[in-house]
Every structure is written in structure tokens, then in C-alpha cells.
Amino acid sequence: MSRRRIIALALLLGGATALVSAWTPLGTHFLGAAQHRSHRLAPGNIPVPTERTLVWHKESPFAQEVLRLWSSKPLQDWAKRGKDDVPRVLLSRFLTRDRLPETNAYLQTLSPRGVVGSNWALNPDGDYDFSLTVLTTILWLHGDEAAVLFPSAREHLLRVLLTEEGGTFRTTAPRTLGLVRETENHILMTEGSRYLKNRWLHTRGSNAPRHDNLANGLERKLLAVLAEPAVNGLYEFNSQPYIAYTITALLNLEAFGSAAVRAAARTALDSINFTYALGSYRLRHYPPFRRNYSYAASPSLTFGYQTVFMNAWLSYAPARFEAPAIPGFTGNHAIIAAALPYRPPDRVVQLLHDKGTGYFVQLGHGPGSSPELYTAGRRFLLSAGGVHRGERSLVVARPITLLLDDTAATLSEVFHLSGPGSDFRGWNNSGVYENLACAAGPVHVPARFTALATNGAWRIHSPATGLIVAVYSTPRFGLMAVFEEGSAETVLQSLLRANPDVTALPRAFVFPNGRRLTYDPHAPADAWVMQSADGKTLDGRFDHWPLVSGRF
């Protein structure tokens, strides 16, 4: 590093410490939480499905209602509502052909409401790329429809509002002297929009070298970024709210890029959606995530912006794959899902509803992060809550949850456990293996479920036909085992025979068939809670786990 940069970095880290800490993600990247980007994960033994044979409906009553609701919204003050609402109201009006003269006239009054890149103390006008991405969608969907997007409005959009063009490719956050890597969603939104503006101009006659994405090197750099989700997964995995903006940027590229870029964007989307399908059940999803802490306490199993996209896509699916009726999915991200052509692969759609004969999968996210673990059967999904890796990791651990084939929508409505204590910063909730979960805290049993058999701290429940949930719960240790055959009483008696010494349960559990598992509910933050299965030591170094592996 040059002397100039060393001095500048010292000043930035010293004199501007308060400013850096004002934007937590920037401080996090400064201190190395993103180092795993250079660590290539093994792919694992479970490939991402890509086959597409489903015949999707061309129209969706749900999507039409979303567009109607949004096109009816007023065009508010761009400066106050520009980041999310205004571009999507514009897009909805163009898609529905609603009040076009008024909408085109309004668009021509706008000027850029800020600059691209992360908003932080030294870049207070950042985040314009959130708007830029949707404005790019408008250009590509309607730029050739003069009766919809009037030529004068199109030129204003292209020349004034779409601010990024040329061969520049920024991967660092604004005003950090090129030392701090930008977040994934900002890179994809900014550089994807730049690429698509170049592509629009180049395919419509511009001979300027800066608009040729092959000549200026932009496509090559973009393809390298697009390869990341399939190689290392997302750094901002399951992120709230940022996963929505990553998906939006990818959808634009999948719809409007060159053949190579479209294929790479589709591969990235398929990978992201496959891991969502593995870790969700009937559009309930409660995984660990990175960014941001303000969402840590959300009790909703259905809140999650990737769920909004999935719900919108499923509204176009054949009848047997229609989404369950869950309210509240008419938010702005449903518009993008409805507007653009991407649809998930067949197997992803199937997994959202049907877990087949079941599976056990481990998802690695690299050094300094949390793994995801899921075990499923024909009628359930056990979802591990992951582990917090320190304040700078921005990883939120969640309770371990048992999702059933029902309509439960909040955490209190499902079996769950976590611990020790109530602060996720002290949790290692990675204690999930095939049909079993354990943690250093008690099991929460929803009030609607009554135990059918009991003995000491054992409670046996049958929350659905053909499903038995055995719960062992004390203030400092909880365990759940799931069975898809047998009665409550027979399961209880077989568990008592297999585990006669309850003082050993915080360390080991034996299934009635003799399978023995050992674990440490107080495992350190860099180790898997599960230790061995049938005497075979399990690989607890989840920082080095492959991307997707297990029994599937």
C-alpha cells in the first residue's frame, strides 16, 4: 500500500471513527468481515436444479391486483419517497397504461435524487441506485413503446435519470479511498444498471467505445460478480431487506443482458432460490441471516422479501403449485417479480410445497459466518437458527423452528427453541441433525398443542396426522425429535427405553432404532453443536463447509 493511502487510512480510521461507526456495515467491512469473498467454497454434493418444464400462466390475478394497487398511488415528492415508492408507481402505471400523459409529464420533472453507492456519514446522498435499478426496468420494458413511454420522457430518463454509463466498474464504497468493498446489492444495482444503459445505447446505434460492454471490459467484470452466488453463495445471505434489491438487480440482468449475462444471472437466481426452497416450507422461512440487526426480533415467519418474490412467481404457476393464502404480499417487490420474465426451476417450485421423502442439508457460508441446516420429512421442516459470530459479523442467529403443513405465521405459533438466554448474540443454535434439534434453552410449545403422553420433562405431541413430536424441555436444555410413524405412547415408551438416564440427554440422544447422536449445546461460536452420529465424528468446522451438501 502506498504511503499516501496508509496516511489516508490512518486519518479515516482515527479522525473519522465516529463517522465510520455511524454506518455499521462500513465499519464491518473495514474490519475484515468480508474476507471470505476470496475463499472459494467447495460446491458440495447437491447441485442446483435448473430443469424447466412447467407451463406458467401468462396472467396472474394476484399480480394484476398488485399493479392496480400501485398504479393508483399518487406520485409523491421524489425527494421524500423516491428510493422505493416513486419508481415503482411509475413502473406500475406504465405496465397498466394508467394516466400516461400525467405519468410521462411527471417523469420529466425529475432529477437524480442523489448518488449511487451506500449511504453513510461521508456519503449522505447515497442509495440512488435503489431508484436507478427500477428506472432501468422502465427503460427496457417500455423504451421502444412510444405510446407508453413518450419519446421525450424516454430521453429524459436515459440522459438525465440513468446517471451511470461507460466502462467504470466500482466495487468499493463511496468516499472510502477505494479501501472498503461495497455491499453486494449496491454493486449489482449500480453496475448492472450501468451495463444495461450501455447495452441499450450500443444496441441502438451508439458507436462510442464507452457503450460497448465487451470493448470497455464491463461485461467481463460483471460476469465475475455474477459468478459469486453460485460459487460462494451470497455474503448478505437471507438478508433483510437487502436480498430484495440483489434479486431485483439480477432479474434485470436476466431479462435484458447479453446471452452470457442472462445465463449467469439466471444461475445466480436459481442458486439463491434453491437454498430458499430447501430452508422454507409453504412460504414460511425463519433462517439465520446477515444484515441488519433491526430485523432480529421480527416474529413473522412469512416476512421476508424473498418470500414476496416467491409468492408473486407462484401466482403464475400451474394450479397444483399455487401459493398458500398469506396476506401482506402486495409490497413493491412483487411488482418486479410480476414485470420480469424469470421463473424458478421446477424442483425449486416443488420443494416449496413438497419435501418428498425428506432430506438433511448443510449450507456453508464461509469463514466468520453462520451455516444453515435443515432437516425435512414428508410433513415438516426443522430449521436451524444458526450462530452469531460477533458484532462485526452482522450475523443474526434465530431460534430453531419446526415448520408444519399448517397456516402458522408467527414464531409463537410453532415449536421452537434457542439459548442460552434471550439475546441472539449469545446463541449457537446450530444443533440440528436428521429429525432432531437441541439447544441450551427450553422448548416453546404453542398453546394450541396438548401433550398426549408425558413423563418427567418429556412431552409427546401429535400436531398433525402421522406426525409425532417428542419434546424434552428444561430451563437450560431443550430437545425435539420428530417421528412420522407410531403413536404418542409408543414413541414415549421407546424413548424412555433408549434414553434411561435423563442426566445424559444434554450430551447425547438415542433414537428408538439405536441411532446415537452426541452434541454440545454450549459449543463455541465457530463449531457445530452436533458432534457425532453413530460413533462417527461429524465435521464441526462449518467455516469450511461446502456450499450445499448432505442427504437429498
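## Loop between H12 and H13

Pro-241 is found in the loop between helix H12 (228-232) and H13, where helices (H or I, at least four residues) and strands (E, at least two) are DSSP runs numbered from the N terminus. This is a predicted model, in which local features need pLDDT of at least 70 and side-chain atom pairs count only at pLDDT 80 or more, while totals for chains, interfaces and linings use all residues. Residues are numbered from 1 along each chain as its sequence is written, and side-chain values use heavy atoms, with hydrogens and water left out.

The peptide bond that leads from Gln-240 into Pro-241 is cis, with omega near 5°. Asn-238, which also lies in the loop between H12 and H13, has a positive phi of about 55° although it is not a glycine. As background, most residues other than glycine have a negative phi, and most peptide bonds are trans.

## Other backbone features

A cis peptide bond also joins Gly-419 and Pro-420, with omega about 5°, and Pro-420 lies in the loop between strand E10 (416-417) and strand E11 (428-429). A positive phi, near 65°, is found at Asn-435, a residue other than glycine. Asn-435 is placed in the loop between E12 and strand E13 (436-439), and its relative accessible area of 19% makes it buried.

Gly-486, by contrast, is exposed, with a relative accessible area of 54%; its place is in the loop between strand E18 (477-483) and helix H18 (488-498). Leaving aside neighbours within four places in sequence, Gly-486 is in contact (heavy atoms within 4.5 Å) with Ile-468 and Val-491. The C-alpha atoms of Gly-486 and Gly-466, which are 20 residues apart along the chain, are separated by 7.8 Å.

## Packing of H8 on H13

Helix H8 (residues 128-142) and helix H13 (residues 242-256) pack at an angle of about 25°, with their axes 10 Å apart; axes are lines fitted to C-alpha atoms, for helices over the stretch in contact, and angles run from 0 to 180 degrees between N-to-C directions. That makes H8 roughly parallel to H13, given that angles under 35 degrees count as roughly parallel, over 145 as roughly antiparallel, 65 to 115 as roughly perpendicular and the rest as oblique.

On the H8 side, the residues that make the contact are Phe-130, Thr-133, Thr-136, Thr-137, Trp-140 and Leu-141, and on the H13 side they are Tyr-245, Thr-248, Ala-249, Asn-252 and Phe-256.

## Covered helices H15 and H16

Nine of the 10 residues of helix H15 (residues 305-314) are buried, so H15 is largely enclosed by the rest of the structure. The cover over these buried residues includes helix H4 (61-71), H13, helix H14 (259-278), strand E2 (284-285), helix H16 (332-339) and helix H17 (346-353).

H16 is itself mostly covered, as eight of its eight residues are buried, and what covers them includes H4, H6, H8, H13 and H15. Helix H6 (residues 85-96) packs with H16 at an angle of about 40°, with the axes 10 Å apart, and the two helices are therefore oblique to each other. Their contact is made by Asp-85, Arg-88, Leu-91, Ser-92 and Leu-95 of H6 and by Asn-332, His-333, Ile-335, Ile-336 and Ala-339 of H16.

## Aromatic pairs

A search of the whole structure finds 21 aromatic pairs, where rings of Phe, Tyr and Trp (its six-membered ring) pair if their centres lie within 6.5 Å, and planes under 30 degrees apart count as stacked, over 60 as edge-to-face and the rest as tilted. The rings of Phe-360 and Tyr-433 have centres 4.9 Å apart and planes at 55°, so the pair is tilted. This pair links distant parts of the chain, with Phe-360 in strand E4 (residues 359-363) and Tyr-433 in strand E12 (residues 432-433), 73 residues apart. Both Phe-360 and Tyr-433 are buried, and together with Trp-528, Phe-542 and Trp-545 they form one aromatic cluster.

The pair of Tyr-472 and Phe-477 is likewise tilted, with ring centres 6.4 Å apart and planes at 50°. Tyr-472 is buried at a relative accessible area of 9%, and Phe-477 counts as buried at 3% relative accessibility.

Note on methods:
Buried means under 20% relative accessible area, exposed over 50%, partly exposed in between (1.4 Å probe, protein chains only).
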